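Let's take a walk through a few spots in this structure, one stop at a time. Have the viewer open and follow along.

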Amino acid sequence: MESYKELIDKERIPHHVAIIMDGNGRWAKAKGMHRTMGHQAGVATVKEITEAATRLGIDYLTLYTFSTENWKRPAEEVSALMGLIFSELEEELFTKNQVRFRMIGDYDRLPSNVQQKMRELEDHTKHFTRMTVVIAISYSSRWEITHTVKELATAVKEGKIQPEDITEETISSHLNTQFMPDPELMIRTGGELRLSNYLMWQCAYSELYFCDTFWPDFHEEELYKAIYDYQQRERRFGKTSEQVTDNK
Ligand code: IPE
Ligand code: IPE
Ligand code: MG
């Protein structure tokens, strides 16, 4: 069979693809292995998908790596994940592919070695422009929105802005994701049909793509398939089909 890569319209590649990388634990369990082995195997997928996304010309790839709610997992799993994030965040992947690294999430809750490594990686890769990989760690939409509301409330209290000046753009420009456009496409692997607190403001009009494949088995062909699927859809943004086709 022809690869989905050949079917993709190269002129209509989404600028921002967000991925909920789910299913590591079940992947490991199905193989009779410890959950941690699933997370380890998932790292190889992160590398493969980053490189494939770079070649396709995607501008922003945001990967949900660890949610605010994931802090509630057994301490042993949390520390294995933090250890993995620390040891696998390699500069080589970014420099080799001219990719900028950014982190979104609650920095302060992370172990200090992870914080330091991420700051260094952000700094060392800030001049790369081919693509930006954003890792969401200790991130959740409700955390992000709560943080933004506090910031805006403080600015109002200090007289820096007026409540009537607050627009959707004001909110977007105060979120953690202020430096990137909203995702056109949101992918979730692992079979669950939910957003689990990921980019809920930003995904107001994203196309959602769910697949059953566990993250460690999600290879580049599946990314091409998701993008092809996205390209078959009509994005109406509340308008009628006639309105959006006439504007083409
Ligand atoms: C996703 O895989 C990775 C993280 C949430 C850290 P899971 O660990 O959630 O895997 P499943 O969903 O239990 O299979
Ligand atoms: C969402 O996966 C978070 C990440 C992939 C990092 P979870 O496995 O934590 O989500 P729920 O709890 O099943 O919704
Ligand atoms: Mg899961």
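Is Ser196 buried, partly exposed or exposed? Ser196 is partly exposed, at a relative accessible area of 31%; here buried means under 20% relative accessible area, exposed over 50%, and partly exposed in between, with a 1.4 Å probe and protein chains only.

Before going on, some ground rules: this is a predicted model, where local features need pLDDT of at least 70, side-chain atom pairs count only at pLDDT 80 or more, and totals for chains, interfaces and linings use all residues. Residues are numbered from 1 along each chain as its sequence is written, chains are lettered from A and ligands numbered from 1 in the order in which they are written, and side-chain values use heavy atoms, leaving out hydrogens and water.

Back to the loop. Ser196 sits between strand 5 (185–188) and strand 6 (207–210), with strands being DSSP runs of E, at least two residues, and helices runs of H or I, at least four, numbered from the N terminus. Its phi is positive, about 45 degrees, although Ser196 is not a glycine. Leu199 is in the loop between strand 5 and strand 6 too, and its phi is a positive value near 45 degrees, again in a residue other than glycine. Leu199 counts as buried, at 0% relative accessibility.

Now hop over to helix 3 (residues 35–56), where you'll find His39. His39 is buried, at 9% relative accessibility. Leaving aside residues up to four places away in sequence, His39 touches Asn24, Arg73, Glu77, Leu81 and Leu84, a contact being heavy atoms within 4.5 Å.
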